[in-house]
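Work through the exercises below with the sequence and the model side by side, trying each task before reading its solution.

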Amino acid sequence: QVHLVESGGGLVQAGGSLRLSCAASGRTFSSYNIGWFRQAPGKEREFVAAISWSGGRIYYVDSVKGRFFISRDNAKNTVYLQMNSLKPEDTAVYYCAADNGGTYTSARPYSTDKTYDYWGQGTQVTVSS
C-alpha cells in the first residue's frame, strides 16, 4: 500500500510556472506507475501526465505537451510535475495517483483513473489571467 501527498499548488499568473510534488510513503514506491490528473469546477477529472515505475515511459495529454514535464526520484519517493507557461484553463485541483499493476496496457490504460489504486488528497492550482 502507498500513501500519497501532493504539494506545490497555488495562485500564479498566466505564463507562470509551478512545480507540483507527489510524495509517497511505502518501501515499494519504485514499483508504482504514477499518474497526474486534474479536476476543474463542474468538469470531470481528466488525465494530465503519467510516468512508469522505471521512468522509462512518459505520457501527456495533448493540451499540456511541451509545457508540463513529469519526472520521478525513486530515492526520494517523489514524483514531480513541472508546469510552465500556465494558462487559466489549467486551473483545477491536481491529484496524483499510484498504480501497481505493471505495464500499462489497453486494458489498463495510463489515462484512465480506474487504472490507479491509490490517490492523494489533491492540491489546488489557480492561474489568473
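The model is predicted, so local features are reported only at pLDDT of at least 70 and side-chain atom pairs only at pLDDT 80 or more, while totals for chains, interfaces and linings use all residues. Residues are numbered from 1 along each chain as its sequence is written, and side-chain values use heavy atoms, with hydrogens and water left out.

**Exercise 1. Locate Asn77 and Ser85, and describe the phi of Asn77 and of Ser85.**

Step 1: Most residues other than glycine have a negative phi.
Step 2: Asn77, in the loop between S7 and S8, has a positive phi of about 55 degrees although it is not a glycine.
Step 3: Ser85 is found in the loop between S8 and strand S9 (92-99), and its phi is also positive, near 50 degrees.
Step 4: Ser85 has 40% relative accessibility and therefore counts as partly exposed (buried means under 20% relative accessible area, exposed over 50%, partly exposed in between, with a 1.4 Å probe and protein chains only).

**Exercise 2. Trace the salt bridges of Asp90 with Arg38 and with Arg67.**

Step 1: A salt bridge is a side-chain nitrogen of Lys or Arg within 4 Å of a carboxyl oxygen of Asp or Glu, and by this rule the count comes to six.
Step 2: Asp90 meets Arg38 at 2.9 Å, N to O; because Asp90 lies in the loop between S8 and S9 and Arg38 in strand S4 (residues 33-39), the pair ties together parts that are 52 residues apart in sequence.
Step 3: Asp90 also meets Arg67 at 2.8 Å, N to O, and this pair links the loop between S8 and S9 to the loop between strand S6 (58-60) and S7, 23 residues apart.
Step 4: Asp90 is buried at 1% relative accessibility, and Arg67 is buried at 9%.
Step 5: Salt bridges that share partners join Arg38, Glu46, Arg67 and Asp90 into one network.

Notes. Helix = DSSP H or I, 4+ residues; strand = E, 2+ residues; numbered from the N terminus.
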